[in-house]
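Please keep the sequence and the structure in view while reading.

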Number of protein chains: 2
Amino acid sequence: MANLIVTGCAGFIGSTLVDRLLADGHQVTGVDNFSTGQRRFLEGALAHQNFKLVEIDLLDLDALKLAFAGGEAVFHLSANADVRFGTEHPRKDLEQNTIATYNVLEAMRKNGIKKIAFSSTGSVYGEAEVVPTPEDGPFPIQTSLYGASKAAGEGLIAAYCEGFGFQSWIFRFVSILGERYTHGHVFDFYQKLKADPSRLPVLGNGRQRKSYLYVQDCIDAILLAMEKATDKVNIFNLGVDGYCEVNDSIGWICEELGVKPQLEYSGGDRGWIGDNPFIFLETKKIQSLGWKPKFGIRDGVIKTVEYLRENEWVFEARD
Amino acid sequence: MANLIVTGCAGFIGSTLVDRLLADGHQVTGVDNFSTGQRRFLEGALAHQNFKLVEIDLLDLDALKLAFAGGEAVFHLSANADVRFGTEHPRKDLEQNTIATYNVLEAMRKNGIKKIAFSSTGSVYGEAEVVPTPEDGPFPIQTSLYGASKAAGEGLIAAYCEGFGFQSWIFRFVSILGERYTHGHVFDFYQKLKADPSRLPVLGNGRQRKSYLYVQDCIDAILLAMEKATDKVNIFNLGVDGYCEVNDSIGWICEELGVKPQLEYSGGDRGWIGDNPFIFLETKKIQSLGWKPKFGIRDGVIKTVEYLRENEWVFEARD
């Protein structure tokens, strides 16, 4: 039993990880400011004797240093996970992804904690020249504030590993799907179709190729990597071994919902500024540790639609 | 004649660039907080009618927005340029290199300025797997807070190019030498030899391989690249086509000073935590624009020693 800290513990992936860590017998301290996290995601955890919730903002370094007391490792999942609206508030990515990560590292240093797992993103590759994109592909040029802020977080973590003897596991995710999913294209499409099942506005031409991973597969990979990968800085792409078009995903969502909307494309090969028309990560490295996803993209989309249908409260909670 | 802004205008490279831009007939607004910049470096500029000095800190975003009014392009040279002592004050690199760069970008956006030149560093390559290291070598793992903070600055700049239609020229420097040089190994060795010419403590084993560039060659390259390179994000390594050992450099310094100290090595292949034992950047890309350095590493070292000998005030100014 270890004493583990999870930032963003009330988020989609964070709360799912908390439940898993508790089920595995660990003590968990969860940190969240509930800016986008949902208290309902922690209902199970809060009833568990091994869970402690600390409700603070990661930008409050003094509070963070206190919160981390006694921890043995940190899962730093808190983030502004919004890729699309970065240009509307550029400071948000800087603060919530870069400065917050710096604060997490400083709070770790203060408390002698040296192990950190970090939820990075395939967006750090910008528009990758090599697809499927390996972890050590060409030095990328950032194309989004989100990707840039996460790449900056990665860089800080790696520098702390070299400078302060930390060890890190950095995970570059594709988009994650599944229970407690609260933002992204399935969320947006579901919400629009519920309001008007006869038509569906689609950003771009629908031909954007994207990759997705089911949340429990994601957590399996994180825990396996932390158990088996022993480098100072361990970087892993996490995703399924394939991709789909936005149009495929729309088809699965509509089929599941039993609707046949008129698709209204905004046009162009990108959904928004900084949108990457082709995301597909090479996952040989994590697979070499013995991991492979149990669910495919279509499974993930359908599980997400099923979850949203049974939990429509999340739409109001996020409004 | 353009209206150009130079941050870090009182620094080694910044003040040299200011003099060049004024000589080329431009209007120059220089920004500096004189934390490490030297007022004496601006003596010529301050006497020039086309130069305006704004004495503010880049962390003061409101002041920066005012200072940038009317500018057409920004040369963002202000930085914490200290690689070696990063772990003693990790917040310094974050603030002075990453957050300051964010502020520069925001001040540009406020004033409709869309062109930025940025002094990055070969340290963003960490311990590069490929040497000589090209601009698009493998996605590096950061090994210093300095490199990480500069890589973060690069990422922010590139994201602003994509998100806000900026255009950038990012220069990854080797160490720069020449007149107004105020920190780094020649500075340190000179200072130590002056105090005691009989012995010289050397960090590491002296076999570290490093590359250097003379400051006027550096400025030639920056101005040529901005004239000729037309991509949205233009990234160039700047350095000479070779490297020397620390021992070579010590030999040239001692020869120039006429001293024969006992060399006392601290040992190991690195001078300090995060020191990169082999820095050598591939410079084919900038050379393809027609640039090549007029001076070699030895020339740069000797010019620097000559400068320091004639300007020993800089040692007191930096103490």
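Helices and strands are DSSP runs, numbered from the N terminus; a helix (H or I) has at least four residues and a strand (E) at least two. The model discussed here is predicted.

**Backbone details**

With these elements named, particular places along the chain can be located. Pro132(A) is found in the loop between β5 (115–121) and α5 of chain A. The peptide bond that leads from Val131(A) to this proline is cis. In chain B, Pro132(B) likewise lies in the loop between β5 (115–121) and α5, and a cis peptide bond joins Val131(B) to Pro132(B). The table sets out the two bonds with their omega values.

| Peptide bond | Form | Omega |
|---|---|---|
| Val131(A) to Pro132(A) | cis | near -5 degrees |
| Val131(B) to Pro132(B) | cis | about 0 degrees |

Another backbone detail concerns Arg180(A), a residue other than glycine whose phi is positive, near 75 degrees. Arg180(A) is placed in the loop between β7 (175–177) and α6 (185–195) of chain A.

**The annotated domain**

The UniProt record, an unreviewed entry, assigns the feature "domain: NAD-dependent epimerase/dehydratase" to residues 5–239 of chain A. Over residues 5–239, chain A is 38% helix and 21% strand.

**How the two chains meet**

How are the two copies related? The same surface serves both copies, since 100% of the contact residues of chain B recur in chain A.

In this interface, 39 residues of chain B are in contact with 39 residues of chain A. Between them the chains bury about 3,000 Å², of which 74% is on carbon and sulfur atoms. On the side of chain B, the residues that lose the most area to chain A are Tyr102(B), Phe139(B) and Glu162(B), which together account for 22% of what that side buries.

**Enclosed space**

Rolling a probe the size of a water molecule over the atoms shows where empty space is left. The structure holds 7 cavities of 30 Å³ or more, and the largest cavity contains about 280 Å³ of space. Its lining has 27 residues, and the closest to the centre are Phe139(A), Gln142(A), Ala151(A), Phe139(B) and Ala151(B).

Which elements contribute to this lining? At least two residues each come from α5 (145–164), β6 (167–173) and β11 (233–238) of chain A, and from α5 (145–164) and β6 (167–173) of chain B. By class, the lining of the largest cavity has 19 nonpolar, 4 polar and 4 charged residues.

Conventions: Residues numbered from 1 in each chain as written. Chains lettered and ligands numbered in written order. Predicted model: local features only at pLDDT ≥ 70, side-chain atom pairs only at ≥ 80, totals over all residues. Heavy atoms only, no water. Contact = heavy atoms within 4.5 Å. 1 Å grid on protein atoms, 1.4 Å probe; cavity = no way out; pocket = protein on both sides within 12 Å on 5 of 7 lines; lining within 4 Å. Points joined across faces, edges and corners; volume = space filled by probe spheres on them. Nonpolar A, V, L, I, M, F, W, Y, C, P; charged D, E, K, R; others polar. UniProt positions renumbered as here; feature names shortened; annotations may be inferred. Buried area = accessible area lost by both parts, 1.4 Å probe.
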